[in-house]
Amino acid sequence: MKQNIILFMVDQLSAKWLEAAREHNICDLPNFDWLQANGSTFTQAITSNPVCSPARATIATGLTSRAHGMIHNGYLLNPEIPTFMRSLQQDGWRTGAFGKLHLKPHFERFYQDYTVYGFDVVHNTEDDRSGVWLDWVKEEHPEHYEAALASCWPDVPGYAEYGPDKIDMRPEILEAKKKYPDVFGKPLQFPEEISQSHWITSRASDFVAETDVDQPLFAHVSYVAPHPPFCPPSEVMDTVNPENIPTPVPSEWLHSDDAPEYYKKLARFLNNETDEKPIWMDTVIGRGQDGGPADANVNFGNARHRYFADIVHLDQQLGRVRKALEDTGRLANTTIIFTADHGELLGDHGFMQKQERHYDGGIRVPLVIAGPGLEKGAVRNEIAQLEDICPTILELAGVQPPQMRFRNKKTGKVDDTCAQISGRSLAGICRGDTPDEWRQEAFIESYPSFGPEAIGAWARSVRTDQYRYTYYPDGNGEQLFDLKADPDEQTNLAYDPAHNGLKLELKEKLLEQLIRQDWPVPPRDLFNFGIH
């Protein structure tokens, strides 16, 4: 009997913060605890490109950023590139997507066609919160519509011609934001059952209930939370113990001669030594109350409180999905994979968000896999990357991964022996196997985050179980941290002569991984490559 598969995905959640929730007794997460008790937790799961669209395309295709072509947000995943969703669909699974997908530029239009990637049913809602969720609030809960409207992201071009009637919603949004000011720094201004996360879970639960019990299903249940601006339902704020939330780790680079030049430019701005504001300044805590650099030892409390409240709310959503599976008799025959696209620094090192600062909070994500025939309560330390999820799902489903077809344009000869997928299946590890050979390092890459930033922002990193080495090009410097001796990544060893040999070794690993990012042959030009 074919098993059901749930990909339960959240946005911008670090493995670090889930671990902190338990370690510091910040909040109770009974459903995440249940999932870990029934599956394998990968302690070293690394996102290879810590922004939304590339990471999500990597999960869908099993390919690296350079192979599938989505190196940053704003790109479109070519629908002709094979996805595991389409493979499942073609092999008899009913497939559904609920929530944030981000395989297309979500500012391009509010109503996207995601069925082209292999989904039978789609209920899509993105960061901007417009589209079908907002329309649902207006129709079903008009008394909360203005508050929901105020939570929408401003300055999105589509508001000028919104919906099938092409209404200019901008004046209405401005009025709503006047009535509900500063909504981005507060809990939601409407009840929990109206929230975007609750709506996503309800659509996914309906899909589970409506699918014939004899048909296997795949559901991609994907939340915008806890992505900024951290607006949890007010009902869950009291479930967090704010006094237990740790303070951010210090901004070690602010006064360091060994900091990358890329960071020194920011330090000079924060120290009022220059008026040149970096383009990515909005992802930094900024100046302190005295006008100088923000003191990272001060508890960035309100944002962290709301972030952990969002995690509690997501735990509740996992419980609702679990109940939907139980109510339909599917739970025992369902694999649940829980992960995130990237992390959130949450004030550590003086930074918010993620992008090209490859600290632990930005690149290490939660990954738990639980299902029939898999180990329970296992903790695995093998290095996993997001491209492993696609082949893992296909192996657990018993579906063959697609093969690359290379056609010689001159001779017409076809070679279909090349593997399509860059990642490696984790299924054997989840069954308790110890692989004979496994990767010894993860690769992480970043591209310009907020526009045509100088090439010095294009960070490239390798992370082993003990070290993280990052190279900033164009003379912008290097970072090298011993993660076991210095887990908070406070001491940059890149310029310590005693570590020259180690740095050279890690540079060689980085070069090897840079080449491997283009393997297998990138399937973007489908005149030569693909499955046709």
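## Exercises on cores, cavities and a pocket

The largest nonpolar core holds 118 residues, and Phe-84 and Phe-308 have the most contacts inside it. Helix α11 (residues 301-327) gives the largest share of this core, eleven residues. A nonpolar core here is a set of buried Ala, Val, Leu, Ile, Met, Phe, Trp, Tyr and Cys residues joined through side-chain atoms within 4.5 Å. Buried means under 20% relative accessible area, with a 1.4 Å probe and protein chains only. Helices are DSSP runs of H or I with at least four residues, strands are E runs of at least two, and both are numbered from the N terminus.

This is a predicted model, in which local features need pLDDT of at least 70 and side-chain atom pairs count only at pLDDT 80 or more, while totals for chains, interfaces and linings use all residues. Residues are numbered from 1 along each chain as its sequence is written, and side-chain values use heavy atoms, with hydrogens and water left out.

**Exercise 1. Find the partners of Phe-84 beyond its neighbours within four places in sequence.**

Step 1: take contact as heavy atoms within 4.5 Å.
Step 2: leave out the neighbours within four places; Phe-84 then touches Leu-7, Ile-59, Ala-60, Phe-218, Cys-390, Ile-393 and Leu-394.
Step 3: look at the whole protein, where 73% of the contacts between residues at least 6 apart in sequence join residues at least 24 apart.

**Exercise 2. Describe the lining of the second largest cavity.**

Step 1: set the rule. On a 1 Å grid over the protein atoms alone, a cavity is a set of points where a 1.4 Å probe fits but cannot get out; a pocket is an open set with protein on both sides within 12 Å along at least five of seven lines; and lining residues have an atom within 4 Å of a point. Grid points are joined across faces, edges and corners, and a volume is the space filled by probe spheres set on the points.
Step 2: the volume is about 90 Å³.
Step 3: among the lining residues are Leu-7, Ile-59, Ala-60 and Phe-84, together with Arg-56 and His-220.
Step 4: β1 (4-10), α3 (52-61) and α5 (84-90) each supply at least two lining residues, and α3 gives the largest share, three residues.
Step 5: sort by class, with Ala, Val, Leu, Ile, Met, Phe, Trp, Tyr, Cys and Pro as nonpolar, Asp, Glu, Lys and Arg as charged, and the others, Gly among them, as polar.

**Exercise 3. Describe the largest cavity.**

Step 1: the structure holds seven cavities of 30 Å³ or more, and the largest has a volume of about 160 Å³.
Step 2: it is lined by 17 residues, with Arg-129, Leu-188, Gln-196, Ser-197 and Cys-231 closest to its centre.
Step 3: α9 (196-210) and α11 each supply at least two residues of this lining.
Step 4: its classes are nine nonpolar, six polar and two charged residues.

**Exercise 4. Describe the second largest pocket.**

Step 1: its volume is about 500 Å³.
Step 2: of its 23 lining residues, Ser-422, Arg-424, Arg-439, Arg-516 and Trp-519 lie nearest the centre.
Step 3: helix α15 (residues 500-516) gives the most to this lining, three residues.
Step 4: by class, the lining has seven nonpolar, nine polar and seven charged residues.

Conventions. Buried means under 20% relative accessible area, exposed over 50%, partly exposed in between (1.4 Å probe, protein chains only).
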